[in-house]
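Subject: Structure handover

Hello,

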Amino acid sequence: MKYSKIQIKVQFKKIKNMYIRVYPPDGEVVVTAPELMTMDQIQKNLSVHKKWLSKKVLKFKSMKTLLDKQEALPEYLHVWGKHHKIVYREGQNKNSISMERSRINVYMRRGFDLEKKKKLLYDWTRRQLIEEAQVLLTKWENRIGVQVNRLQARKMKTRWGSCNIRKKKINLNTALFVLDKEALEYVLVHEMVHLIEPSHNHNFKTLMTAFLPDWKERKKLLLED
Ligand SMILES: [Zn+2]
């Protein structure tokens, strides 16, 4: 179905309440509704979240443009939740990317094709994400009392992060770069707490609340409602 220009996938399940999910990295919207709910009711429920929904979908559009082979270079990108215009300058001596206020300057050497240009920008987002996450990691390793051996940022389809408990390795979804930093911190703490408690049980939630009392609020930043 389509809702105010947004393509939405609807699935029905044996549940009590309808919920909306926006998936990384391209902002696909999936509504999961109770089996007896009509399309009219779904539309009505969606209208309550309309503003929230279009804001979130917009944040992902630039990341989608960057990752999709069919698309041209993105003209803007969200950086930690804020809109940034991208200015490209070709024919430079070396590649470099810098930010000033709400602008991202991308300097490129001559002869870069679309694929290479996109990779340059994507790799930069990954490095920015890891740099920020590394600072948070050091802080949380002390607080939680765990040690992480490796931190990586990758393209991930349906998850925001994952944790290999045995290898103590954490993967982060590169698309976290377009969301608020509070969202990144939530995902990182979530994965780190898995090093103490592997499953999402009561103990896990108790630990999350102890370390990050507002984790439920932060979770909403991940486009789940
Ligand atoms: Zn988890």
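**Strand pairing and packing**

In β8, Q92 has R109 as its bridge partner. The strands β6 and β8 (residues 103-109) are joined by 6 bridges and run parallel. Two strands count as paired if DSSP finds at least two bridges between them. Helices (H or I, at least four residues) and strands (E, at least two) are DSSP runs, numbered from the N terminus.

This is a predicted model: local features need pLDDT of at least 70, side-chain atom pairs count only at pLDDT 80 or more, and totals for chains, interfaces and linings use all residues. Residues are numbered from 1 along each chain as its sequence is written, and side-chain values use heavy atoms, with hydrogens and water left out.

β6 (residues 82-92) also pairs with β5 (residues 76-79), antiparallel and through 4 bridges. H78 stands opposite H83 in β6. β5 and β6 form a hairpin with 2 residues between them, and W80 in the turn has a positive phi of about 45°.

There is also an open sheet of 4 strands, in the order β1-β2-β4-β3 and with mixed pairing. β1 (2-3) and β3 (19-23) are at its edges with a single partner strand each, so one side of each has no neighbour in the sheet. β3 runs antiparallel to β4 (residues 28-34), joined by 5 bridges; R21 has V30 in β4 as its bridge partner.

Helix α1 (residues 39-48) lies across β1, β2 (6-13), β3 and β4, and runs at about 125° to β2. Contact means heavy atoms within 4.5 Å; axes are lines fitted to C-alpha atoms, for helices over the stretch in contact, with angles from 0 to 180 degrees between N-to-C directions.

Regards
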